[in-house]
Amino acid sequence: MDRSSVCSKTAKGLQEATGKTSLLSRELRNILKEVDGKLSVEQLQKKLDKHPEAKLLEFMTTLEKDGFVRALAAP
């Protein structure tokens, strides 16, 4: 995953974002809620000012590894 990657929520991620499950920390859940399948990681970082880019990439990699998001194919 890099800064130009675009991610979308999986079914597991959608359940977590809507509150049906509570597997993630509040910080990760708030990041997951912003994932919409249209914004790149770089654009998410601009939207979430409080997280430095390196930390956001680490969070996104964790979410992808745990099955909450998936990287979409490049256009």
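Predicted model: local features only at pLDDT ≥ 70, side-chain atom pairs only at ≥ 80, totals over all residues.
Beyond residues up to four places away in sequence, Met-60 touches Met-1, Cys-7, Ile-31, Val-35, Val-41, Leu-44 and Val-69, where contact means heavy atoms within 4.5 Å.

Next I looked up the largest nonpolar core, which has 16 residues. Such a core is a set of buried Ala, Val, Leu, Ile, Met, Phe, Trp, Tyr and Cys residues joined through side-chain atoms within 4.5 Å; buried is under 20% relative accessible area, exposed over 50% and partly exposed in between, with a 1.4 Å probe and protein chains only. Met-60 is among the residues with the most contacts inside this core, as are Ile-31 and Val-69. Helices H2 (26–34), H3 and H4 each supply at least two of its residues, and H4 gives the largest share, four. Helices here are DSSP runs (H or I, at least four residues), numbered from the N terminus.

Then I checked how H2 meets H4: their axes come within 11 Å and cross at roughly 85°. Axes are lines fitted to C-alpha atoms over the stretch in contact, with angles from 0 to 180 degrees between N-to-C directions. The two helices are therefore roughly perpendicular, the term for 65 to 115 degrees. H2 brings Glu-27, Leu-28, Ile-31 and Leu-32 to the contact, and H4 brings Leu-56, Phe-59, Met-60 and Leu-63.

Last, I visited His-51, in the loop between H3 (41–47) and H4 (53–65). His-51 counts as buried because its relative accessibility is 6%.

For my records, numbering starts from 1 along each chain as its sequence is written. Local features need pLDDT of at least 70, side-chain atom pairs count only at 80 or more, totals for chains, interfaces and linings use all residues, and side-chain values use heavy atoms, without hydrogens and water.

Conventions
Parallel < 35°, antiparallel > 145°, perpendicular 65-115°, else oblique.
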